[in-house]
Amino acid sequence: MLKFAFAFALSVAAGSAVAAPQIGAPAPAFTGAASNGETISLEQFRGENVVLEWTNHDCPFVRKHYETGNMQATQQTADAAGAVWITIISSAPGKQGYVSAEEANALTASRAAEPDYVVLDPSGEIGMAYAAKTTPHMFVIDKAGTLRYDGAIDDKPSANHATVEGATNYLLAALDSVVAGEEVAVTRTKPYGCSVKYGNEN
């Protein structure tokens, strides 16, 4: 069953909002107040593998993955592996990709996307804690709360829809290794896409 969480009041517990989180170290903690009254936090998913996806529906790189069904298929595969998928929107008010809770919900439904939660981060606190740079930008966190992957969804840094076919999905490769209890071969890659539209940008 899909659970859509829209965070308005967000607090982030992280050592630095500038430096990228370290692979093999605890992932930056965050807590979000959902529109349905539920409070969600990274800590509540301890014991489960977690995928974080930064998104902006107007970004052509994001559109490539959703319009081809690649992101939805990746979400389905992650779900089948027992992972919790949290989509995060860090676009600030007035910036490209900013949406209300209702608009985010409509987008999820219209694209047949399958995140477990959609979190709105208009302040950019969560995004900056993770040093999220682009949309998409993906992270894998293991059951112990340790960051295991940070980077691109795949090895085709293009907005061309045709490049989805034959691409190596770094995210799923990392998740597969985490689920198997193995070391992740490729732990960090350069994320590609549109820049995250934080409020401090012009």
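Trainee: Which elements make a right-handed β-α-β unit here?

Mentor: Here β5, helix α3 (residues 101-110) and β6 make one. Right-handed means that, with the strands pointing away from the viewer, the path from the first strand over the helix to the second runs clockwise. Helices (H or I, at least four residues) and strands (E, at least two) are DSSP runs, numbered from the N terminus. By the way, this is a predicted model: local features need pLDDT of at least 70, side-chain atom pairs count only at pLDDT 80 or more, and totals for chains, interfaces and linings use all residues. Residues are numbered from 1 along each chain as its sequence is written, and side-chain values use heavy atoms, with hydrogens and water left out.

Trainee: How many bridges join β5 to β6?

Mentor: Strands pair if DSSP finds at least two bridges between them. Strand β5 (residues 84-89) and β6 run parallel, joined by four bridges. Thr87, for one, has Val118 of β6 as its bridge partner.

Trainee: How do I read a pair of aromatic rings?

Mentor: You describe the pair by the distance of the centres and the angle of the planes. Rings of Phe, Tyr and Trp (its six-membered ring) pair if their centres lie within 6.5 Å; planes under 30 degrees apart count as stacked, over 60 as edge-to-face and the rest as tilted. This structure holds six such pairs. One of them is Trp54 with Phe139, edge-to-face at 5.5 Å centre to centre and 70 degrees between the planes. Trp54 sits in strand β4 and Phe139 in strand β8, so the pair ties together parts 85 residues apart in sequence.
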